[in-house]
Amino acid sequence: MRTEHPAAPLDNPVWASLTGPHRAFAETAPGGLAARYLPAANPFAALADPADPAAWADLAALIGPGEAVWLTGLPTPPAGWATVLEIPGVQLDGRAVRGEAAPEAVRLGPDDVAEMTELVELAQPGPFLPRTVELGTYLGFRQEGRLVAMAGERMQPPGWTEISAVCTHPGHRGKGLAGRLVRALVAEILERGDAPFLHAAAENTHAIGLYESMGFTLRRKPVFIGLRTPGPTGSGRNTA
């Protein structure tokens, strides 16, 4: 019998991850009301309560003046914050998805980052940084020694694991590789007692259709928002 997982952590998944299973990857603001992932692992930050002005002040102190940061959800930034980019998205619940192992898939790690980054640059699934691979399990398919498809785990709110970086080399699409990797990750996530979920850009209707055909269902429609903190432009190291 499948465990039922409370979905509340998905309302603020970055915060739930950084204050839960991913504490080791967190940088926390002085007042404890905001946090971000280590910049080399994940570009997202979060607020304990997006309606709390003190949390926004805490985030600004953490990031520094004039620096860029990414949030997700439906935040309304206070005066002085500049919106750099907004990407409408979807959050999909994968509790109804059937997992299936893929024995021929290879496990990817730090030694594969250069090749993984090359694939991401070709396929554009979303952010993938030098330490992203440390956030969870990453699986891939190789053909003639070349990495042609991959998928992995990113955020981990309590009881949940996000599937991310799902991508296939343009020359190898239409073979079902991405779907097989997603199901293999679902199998591993369920085996350890978590439930799978994922995010996608709302305009990526092809990918959303694939996920829905596998059993993923729409839970909410967050926005991925790139912001710049109040103050003079800084070093730009957190480019949105």
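Glu-144 sits in the loop that links strand S7 (138-143) to strand S8 (146-153), where strands are DSSP runs of E with at least two residues and helices are runs of H or I with at least four, both numbered from the N terminus. The structure is a predicted model, in which local features need pLDDT of at least 70 and side-chain atom pairs count only at pLDDT 80 or more, while totals for chains, interfaces and linings use all residues. Residues are numbered from 1 along each chain as its sequence is written, and side-chain values use heavy atoms, with hydrogens and water left out.

The backbone at Glu-144 deserves a look: its phi is near 55°, a positive value in a residue other than glycine. Most residues other than glycine have a negative phi. Glu-144 is exposed, with a relative accessible area of 86%; here exposed means over 50%, buried under 20%, and partly exposed in between, using a 1.4 Å probe and protein chains only. Ala-165 also has a positive phi, near 55°, but Ala-165 belongs to strand S9 (residues 160-168) and counts as buried at 7% relative accessibility.

Turning to strand pairing, two strands are taken to pair if DSSP finds at least two bridges between them. Strand S5 (residues 82-93) runs antiparallel to strand S12 (residues 223-228), and six bridges join them; within this pair, Pro-88 stands opposite Val-223. S5 is also antiparallel to strand S10 (residues 195-201), with five bridges, and to strand S11 (residues 217-220), with three bridges.

Along the principal axes, the C-alpha atoms fill a box of roughly 50 × 40 × 30 Å. Of the 240 residues, 50% count as buried. Among contacts (heavy atoms within 4.5 Å) with a separation of 6 or more, 73% are between residues 24 or more positions apart.
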